[in-house]
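Hello,

Here is the structure I promised to pass on. Please open it alongside these notes.

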Amino acid sequence: MSQAQEPSLSAIRCRIRGRVQGVYFRASTQRRARELGLCGYAMNLPDGDVEVVARGEAGALEALKSWLWQGPPAARVTAVHCEAFEGTVPAGFETR
């Protein structure tokens, strides 16, 4: 069985709104995602939101989704919208 396509892994894409740029949101998300064993990325969007794409075990993805509502101390999250993601997810977890 190939580990690249493990059936127990899934991916999500989340858009986080609020005061989430310039407050170490991407770096903090990277740290939390790595602690949870997730792959993916966090990226600032031109409109001030942050996009997070993550792949891993369902329980770890749920933990990340909960954490996104909090973020780092200086963040003020007003909305988190997550959906299933079918695209390519990088190995490791990076900021863009």
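A disulfide here is a pair of cysteine sulfur atoms within 2.5 Å. By that rule there is one disulfide.

The model is predicted, so local features need pLDDT of at least 70, side-chain atom pairs count only at pLDDT 80 or more, and totals for chains, interfaces and linings use all residues. Residues are numbered from 1 along each chain as its sequence is written, and side-chain values use heavy atoms, with hydrogens and water left out.

The disulfide joins C14 and C82, with sulfur atoms 2.0 Å apart. C14 sits in strand β1 and C82 in strand β4, so the link ties together parts 68 residues apart in sequence. (Strands are DSSP runs of E, at least two residues; helices are runs of H or I, at least four; both are numbered from the N terminus.) The link is right-handed, with 110° about the S-S bond. C14 is buried at 1% relative accessible area, while C82 is partly exposed at 24%. (Buried means under 20%, exposed over 50%, partly exposed in between, with a 1.4 Å probe and protein chains only.)

Now the core. A nonpolar core is a set of buried Ala, Val, Leu, Ile, Met, Phe, Trp, Tyr and Cys residues joined through side-chain atoms within 4.5 Å. The largest has 21 residues; I16, F25 and L38 are among those with the most contacts inside it. Helix α2 gives the most to this core, five residues.

Best wishes
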